[in-house]
Amino acid sequence: MFKRISLFCTSTLLAVAVGLPATAQGLEEVVVTATKRETTLQDVPVAVTVTSGETLQQAQIIDIGDLQSIIPSLRITQLQTSGNTNFVIRGFGNGANNPGIEPSVGVFIDGVYRSRSAGAISDLTNIERVEVLRGPQSTLFGKNASAGVISVITSKPSFEFGGGGALTIGNFNTVMARANITGPINDKVAFSLSGSGNMREGYFDNLQTGNESNERQRWSLRGQLLFEPTDNSTWRLIADIDRIDELCCGVTNLVDGPTGIAIRALGGRIASDDPFSRAGFYNIDSINDIENSGISLQGDIDFNRFSLTTITSVRSQDKFEVADSDFTSADLLGLNQFDTELDTFTQEFRLTSNSDGNIDWMVGAFYFDEEVNFDSDIVFGDDFRGYADALAGGGITGLEMALGLPTGLLFGAGQGSFDTSGQDDSALSLFGQVDWHVSDRATITLGLNHTSNEKDAFVNANPNDVFSSLDLVQIGFGGLFVERTGGQAPTPANFAAFPAQFAEAQALSTVPCTAATGEDCNSALALQPLQFLPPFVSFPNSVESGNSDDSETTYTVRFAFAINDALNFYASAATGFKSTSWNLSRDSRPFATDIAALTTAGLNTTNLRTGTRFAEPEEATVYELGLKAQFERGAVNLAIFDQTIEGFQSNIFTGTGFDLANAGEQSTKGLEIDTVFTPNDQWKFTFAGTFLDPTYDSFPNGTGVNGPEDLSGRDPAGIHKVSITTSGTYYHNFSNGLEGFVRADYSYEDEVQIVENVSADIASREVSVLNASAGLSFDNGFELTLWGRNLTNDNHLLSAFPTVVQAGSFSGYPNPPRTFGLTMRKSF
């Protein structure tokens, strides 16, 4: 089917090209900087989607998360906190849940890299355009663009005085305010100042505390100075700060499993098996307090034959989050708290040719330096002891009695894990690109990037959970020895006196009890699933250095040919790179291959579990064919690609922790089409579609519905094979300078299993969302816009996971419900 669609679209577009005029007129020219050089959308030989500021305004696109409603290749998912947001392009992307995992989709705002998603989710204000580059972009954008790039370009200050303001009111008591002003300070310096505030009551009810989650409490402030000291030099200084202080994010119950009985026996409550009630019982409200701030300076200086660009930035992010991670009214997990600090410095230099000739070139360097500090605490609440004892059939109390421990010691309130972690991350990229214009219509491009990235990571975990430190194998051995010897104590003397019983007890101590084993087993092993905060070996240590030093050369090779003035063709091959990701959490575990060395060094501990400290680098490759056609009343862009990522960094939640691992290889063959048609000056129609055929070519160490599984040959979860967005806008000019528009856009994604380890019958997703708006603008600069999003109140899940420490239960994140409102805007 995929091949038939690709051949049909390609042949149709080529056939249409025969009838295209020699020159294409009628559409507004769209300027992009996707290749770090200004060109038009139709001329740039790159798969890129551009959304103008006007479209953002008409479609009520408030932040980057809203973009996916009009860009089918883009998926943005908010998870358990406001700052825990995942960006995906063409089905590739990661970066959520762990500050050590940088995104595979790079986000740049005015040329400045935002290293974590929490630094890019604030409201979009005073935006000129947003460019979404699809596929690996490491040649020009560096180490963390193996899946693509989102580039946000804001409006520069103007030497003409102007500004405006907007006030929005809507359901859920929404109040949004925006304002901006710009103008000259003198004939060489201009300024702009913009700000926003976004307040909305939550749409998710906490039935226990009476408060509402998934609210909005956000504000931002951004100031700019534009300095043009000479005719050939421009400097742009930007300072910004934004703050999020809100309750988020609600989780609904998909399956109320067998553990629900124990929770209700303790007096706890669960809003069972009702994923779109958007309500739950939580004994605490989840807190999100995020502050981003930064300053950047960009200089552009034109010389006779080339231009110099320099971009310097310093940014910081402080993020404090508290979550009720058991998602019940019972006090199981009394505290799950995260405190993250990031300090980032970047510097980019570029030299770009600007002379006439058949060779255009660019060379540059990009330096990145970041310090990450991450503290996380998780502790048992007052009810966890009773919960664990109920699941164990009274076994916890019995174990305390058998071992002579004080009653209530095991799973005592306040026990847990108290962890500090972080990393120093420095990278240097050297890049260059040459465009050889073989003729007036043909161009060959070669680009190279060499990136070196060194990280020094550490994790110091300090668990004080007594139960998880118990050696249940040895405890079971002792019980078996006593039983087999008729009551003899497990002492060295008795071991020597009863060698046969000693050997039998040793053999049976590692055998879990099943129907087949009868009594020839260790019954204590049934309690092992409750040991989810086991002792930890901190690193770096004498065996594990905590250091990674990666280097990679990536390339772009492209041939572009203008068939005529209205039709461009390109063929390209490109590679991408994402460096090692360190697991900065209590789920970081030594590799199995290091256990022997840790034991020799005296670092091994009771119940030490193996896993991963880090995931190896990702290496992406894409082969792509593209056609870009523009005619008098429309444009059609088509891309056919075969994209592969080797060592894709997978991070999946299992119910008691995250498994970070490299997939051997994940690939996607796909077709993208992006069209615009304006039959006359009053109507504008768009259609965009992404059609994917994804697969895990190799993933032997994956995590599936039944636990560890070989996922090789399977379709990756969460990647829609069909994603479509379409829109129609009608413009009308009334008398007396009154203008109006009516717009509707629709997005559809076919049904897909959401995550690998939750079955499709529990958590699948199909998206069908309708948005609409209508506006009037007056000749005095006043505008009114009535808007609605998700008007049909489509219900679908954003993500799903096995419920925390509740085996057999599953939870999920529901999408936002219908929202609507009125925006009043005045510009001058």
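Reply: In this predicted model, a disulfide joins Cys 513 to Cys 521, with 2.0 Å from S to S. A disulfide here is a pair of cysteine sulfur atoms within 2.5 Å.

Me: What is the handedness of the link between Cys 513 and Cys 521?
Reply: The link is right-handed, with 90 degrees about the S-S bond.

Me: Is Cys 521 buried or exposed?
Reply: Cys 521 counts as buried, at 6% relative accessibility. Cys 513 counts as partly exposed, at 37%. Buried means under 20% relative accessible area, exposed means over 50%, and partly exposed lies in between, using a 1.4 Å probe and protein chains only.

Me: How many disulfides does the structure hold?
Reply: The structure holds two. Cys 248 and Cys 249 also form a disulfide, their sulfur atoms being 2.1 Å apart. That link is right-handed, with 95 degrees about the S-S bond. Cys 248 is buried at 1% relative accessibility, and Cys 249 is buried at 8%.

Me: What pattern do the disulfides follow?
Reply: With bonded cysteines counted along the chain, the pattern is 1-2, 3-4.

Me: Before we go on, what should I know about the numbering and the model?
Reply: Residues are numbered from 1 along each chain as its sequence is written, and side-chain values use heavy atoms, with hydrogens and water left out. Because the model is predicted, local features need pLDDT of at least 70 and side-chain atom pairs count only at pLDDT 80 or more, while totals for chains, interfaces and linings use all residues.

Me: Turning to charges, how many salt bridges are found?
Reply: A search of the whole structure finds 35 salt bridges. A salt bridge is a side-chain nitrogen of Lys or Arg within 4 Å of a carboxyl oxygen of Asp or Glu.

Me: Which residue forms a salt bridge with Asp 425?
Reply: Lys 143 does, and the closest N and O atoms are 2.9 Å apart. Asp 425 lies in strand β23 (residues 416–437) and Lys 143 in the loop between α3 (138–141) and β9 (148–154), so the pair ties together parts that are 282 residues apart in sequence. Helices (H or I, at least four residues) and strands (E, at least two) are DSSP runs, numbered from the N terminus. Asp 425 is buried at 0% relative accessibility, and Lys 143 is buried at 7%.

Me: What about Arg 484?
Reply: The side chains of Arg 484 and Glu 504 meet in a salt bridge, 3.2 Å from N to O. Arg 484 lies in helix α7 (residues 472–484) and Glu 504 in helix α9 (residues 499–508), so this pair ties together parts that are 20 residues apart in sequence. Glu 504 is partly exposed, with a relative accessible area of 35%.

Me: And the nonpolar side: how many residues has the largest nonpolar core?
Reply: The largest nonpolar core has 37 residues, and those with the most contacts inside it include Phe 384, Phe 411 and Leu 472. Such a core is a set of buried Ala, Val, Leu, Ile, Met, Phe, Trp, Tyr and Cys residues joined through side-chain atoms within 4.5 Å. Its largest share, three residues, comes from α5.

Me: Which residues is Phe 384 in contact with?
Reply: Leaving aside neighbours within four places in sequence, Phe 384 is in contact with Asp 331, Leu 332, Phe 411, Phe 532 and Val 805. Contact means heavy atoms within 4.5 Å.
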